[in-house]
Each structure stands twice: as C-alpha cells, then as structure tokens.
Amino acid sequence: MTQEPRVPQDRDQGRDRKQNQGREQNQDRDQGRERRPRVVIADDQELVRTGFRMILTARGIDVVAEAADGAEAVAAAVLHRPDVALLDIRMPAMDGLEAARRILAQAPGCRVIMLTTFDLDHYVYAALSAGASGFLLKDVTSAHLAAAVRLVDTGDALLAPSITRRLVERFAAGAPRPAPGSDSPPLHRDLAPLTPREAEVLALLGRGLSNTELARELTLSESTVKTHVARIFAKLNLRDRAQAVVLAYETGLVAPGG
C-alpha cells in the first residue's frame with residue numbers, strides 16, 4: 001500500500017503564513033478604502049443635475065437618483081435612503097425647504113445640503129432651523145462640492161459656525177417657523193434638560209467658537225468639550241453645530257450682536 005508523500009511541516013506553515021498575510025493585506029486595503037457616500041440630487045434644471053452628477057461620480061461619490069422637484073426628491077430619498085440630499089431651494093411643485101423637512105423626517109439617516117444662488121437668504125435660515133446641515137452656492141467649485149458632500153456625510157456641519165451666526169443674526173427675528181403639525185422633527189425650545197455647564201457650552205457654540213476655542217475658554221480638554229457637545233445634541237435633538245447656533249439664538253441664549 002503506497003503512502004501519499006507528506007508535505008514538510010515547515011512548508012505547511014509557510015503556506016499558512018502567506019495566506020494569513022494575504023488576508024491581512026486585503027483587510028488593510030478594505031480599511032483604507034475611501035467611503036463612497038450615496039447622494040440624491042434635486043434641481044429643476046437638468047443641466048445643473050447632470051453637471052453635479054458628473055462631478056460627484058468622477059470623485060468617487062455615488063449619485064443614486066435625480067429629481068426635478070421637491071416631491072420627486074422626497075420620494076427618491078425614501079426609496080434609496082441616501083447619505084446626503086442636495087436640494088435646490090426654489091423648485092416647482094414642492095420647494096426645497098418643504099422637501100428638506102419631509103426628507104429629514106421620513107429618511108432620518110439622510111443629511112441635507114441646500115443649493116442656492118444667494119448666500120444670505122431667509123429660506124436658508126429656515127432650512128437650517130429645519131435641520132439642514134448647510135448650504136452651497138450653485139457656482140461652487142468641483143473640489144468644494146465633493147468635499148462638502150463628504151464633510152456632511154461624516155456628520156459635521158457644512159457651514160462654519162461664524163458664517164451661520166451672521167446668517168442667524170440677520171434673519172432670526174423674522175424668519176418663518178415650521179407650521180404646527182409639520183413633519184420636521186421638533187427642536188426643544190426649553191433648555192431645561194441641559195446642565196449649567198452644557199448651557200454655557202451651547203451659548204459659546206452660538207457665538208461661533210470651535211472645540212479648540214471652547215476648551216480654551218472653559219479651561220477644559222477638547223475631549224471633555226466634545227462630550228458636552230454630544231450630550232447637548234442628544235438632549236436637544238440637534239443634528240450638528242449649525243443647528244445648535246440657530247437654537248442658541250431662537251431660545252434667546254445668545255442675542256443678535258451679543
């Protein structure tokens with residue numbers, strides 16, 4: 001009876017090491033692979049949608065749907081559950097503001113960026129108040145557009161707090177509020193859930209301070225500041241810093257010009 005030749009043990013071990021190394025290399029490549037955000041684009045101008053789609057696709061961002069009005073945008077967001085929705089403010093049938101409110105309520109994992117031709121528009125303030133993560137001018141550069149989508153996809157606000165503050169100071173007094181019964185998730189106008197320290201942090205957020213500046217102002221570590229900010233967002237149902245700035249003004253915690 002013939003015996004099958006045995007492979008030397010050291011050869012088996014060498015083969016196993018190579019296989020393990022290959023698996024580890026694949027895992028490293030997977031971990032290093034850049035995330036591809038999924039986006040819905042809504043604009044009543046086809047050329048704008050086409051241009052944005054080409055820019056985003058070329059930069060590794062997937063456009064899962066396009067819409068010519070707000071109603072189509074809401075339907076696309078509910079169906080495809082994108083990470084980010086780019087919404088023109090002025091569209092027929094349903095404008096971008098109402099579309100933003102409905103998307104944020106019906107597709108809560110989606111973040112919204114408003115597209116506008118004016119950087120200080122009372123509709124933009126209303127959109128921020130409704131929960132949008134920022135806005136872009138339509139003449140945005142290709143690099144800035146892609147960077148904005150990736151930034152918002154990480155959960156951050158697109159607007160620098162100082163820019164948001166100027167916008168809020170201009171429109172906080174007379175901007176329209178969401179109608180009662182709106183699909184928009186309500187903000188807590190009562191700041192009672194906050195501790196005194198958290199209220200202090202929110203007031204400083206309203207003044208446009210970054211985490212580094214907050215830490216310096218309060219003599220805290222940045223990690224402690226981040227913890228306070230996260231708790232404020234959770235308690236007050238806030239999406240990001242831009243919305244925190246809006247709320248600080250709406251509740252009177254920060255006064256325009258203060």
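Tutor: Let's begin with Arg81, whose relative accessible area is 45%. Keep in mind that this is a predicted model, where local features need pLDDT of at least 70, side-chain atom pairs count only at pLDDT 80 or more, and totals for chains, interfaces and linings use all residues. Residues are numbered from 1 along each chain as its sequence is written, and side-chain values use heavy atoms, with hydrogens and water left out.

Student: Why is Arg81 called partly exposed?

Tutor: Buried means under 20% relative accessible area, exposed over 50%, and partly exposed in between (1.4 Å probe, protein chains only). Arg81 has 45%, so Arg81 is partly exposed.

Student: And what makes Ala93 exposed?

Tutor: Its relative accessible area is 76%, so Ala93 counts as exposed.

Student: Where are Arg81 and Ala93 placed?

Tutor: Arg81 lies in the loop between α3 (70-80) and β3 (84-88), while Ala93 is in the loop between β3 and α4 (96-106). Helices (H or I, at least four residues) and strands (E, at least two) are DSSP runs, numbered from the N terminus.

Student: Which residues of α8 are buried?

Tutor: In α8 (residues 196-206), the buried ones are Glu198, Val201, Leu202, Ala203, Leu204, Leu205 and Gly206. Just after α8, Gly208 takes a positive phi of about 90 degrees.
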